[in-house]
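Please have a look at the fold before reading on.

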Amino acid sequence: MEQRREEKKAREEERVNSLLEQGKKVWAASREVEDLPDKRPYPPVPPSAAGKPQERNRSCHICTQGIASWRGAFTAPLGCSKCPRIFCERCLGHLQDEALLPLAGKPLSTFFDDHWDDWTCLMCRGVCACQEPQLSAKVPIASVCAAGPGRCRIKTAEPHPFRSGDSVSVSGCKLAASAGPVASKALQPVNKQHGSVTWISPGEIELRADASGLPPVAEASGHVTLPTIEKHKRRGWVGVTGSGAIKASPATAAAVTGKRKGSPTPTKRRGSPSRGGGRRTPKKTSTGTRKAKA
Ligand SMILES: [Zn+2]
Ligand SMILES: [Zn+2]
Ligand SMILES: [Zn+2]
């Protein structure tokens, strides 16, 4: 494991040097969990269920932000003593639930200090938002059809749990061979879809995908799923304005999506600031704005 990391480091160095020789500007700094500002070592990670040694994760389980991409001053994430996961301070600060994180009125930093060496994470306790069975379903697709320019409508074979603004993954859609090559090609962007949902009814959603050329109602296989980070967003655990907030109802949620139209909604906001990093770049995604809105 150690050797592989060394090799990777050497390869990266080589690449950076070649780019620098070409006169390009390169951001070459990186951060490891081991060299976080407060230098506290994490508790050892126990071996996997299969008995294999595991390394400490390098990104927050809830928001998926990697330590390497964090800038500025920040607090080291809290690591689980039973698994490799880490949880950043900003995300844990959003839980606001004594059953999940018993702060007992004390600041989060005190909780971090008290539990640094011995904390059982949300996943290991089976209480993480992403473990909610209803949201974990692979929702089977009944049919897909084009719904106006750049949009497609998906009917699900059973009631779906999606709301407007969710970013879903669609995969495995296949058409009957008799549908022809044009229809098959039109289905490709739907299958690659990882985009924002507009809620239509308990059995229908619309997505941004160019499905022109699809037969009016294409019989489809495949399924729609909610990526892990989206499940965390559902409970407002991911600190990004708008998408982090819990949506009141499909109707208001639809209005929110309408307003956000055209704005980029990446699923992995690697560049967005963490609680600490937020002090450096107080963009609209910062915690401050979110609090002001709430
Ligand atoms: Zn986080
Ligand atoms: Zn854990
Ligand atoms: Zn989770």
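Two strands pair if DSSP finds at least two bridges between them. Helices (H or I, at least four residues) and strands (E, at least two) are DSSP runs, numbered from the N terminus. The model is a predicted one, in which local features need pLDDT of at least 70 and side-chain atom pairs count only at pLDDT 80 or more, while totals for chains, interfaces and linings use all residues. Residues are numbered from 1 along each chain as its sequence is written, and chains are lettered from A and ligands numbered from 1 in the order in which they are written.

**Strands**

The protein chain has eight helices and nine strands. Strand β4 (residues 151-156) pairs in the antiparallel sense with β3 (residues 139-146) over five bridges, and V144 has I154 in β4 as its bridge partner. The hairpin of β3 and β4 has four residues between the strands, and there G148 takes a positive phi near 85 degrees. β4 also pairs with β7 (residues 204-208), again antiparallel and over five bridges; here R153 is bridged to E206 in β7.

**Two helices**

A residue is buried if 20 or more other C-beta atoms lie within 10 Å of its own, exposed if 12 or fewer, and partly exposed in between, with C-beta atoms placed from the backbone. None of the 20 residues of α1 is buried, so α1 lies largely in the open. Just after α1, G23 takes a positive phi of about 80 degrees.

In α5, the buried residues are A186, L187 and V190. They cover an arc of only 105 degrees around the axis, which puts them on the same side of α5; the arc is that of the directions from the helix axis to the C-beta atoms. They pack against β3, β4, β5 (169-171) and β8 (218-219). Exposed P181 and K185 sit on the face of α5 turned away from its buried side.

**Confidence**

With pLDDT being the predictor's confidence in each residue, from 0 to 100, the mean for the protein chain is 77, and 74% of its residues reach 70 or more. Over residues 240-294, pLDDT stays under 50. Where pLDDT is low, the predicted coordinates should not be read in detail.

Methods. Contact = placed C-beta atoms within 7 Å.
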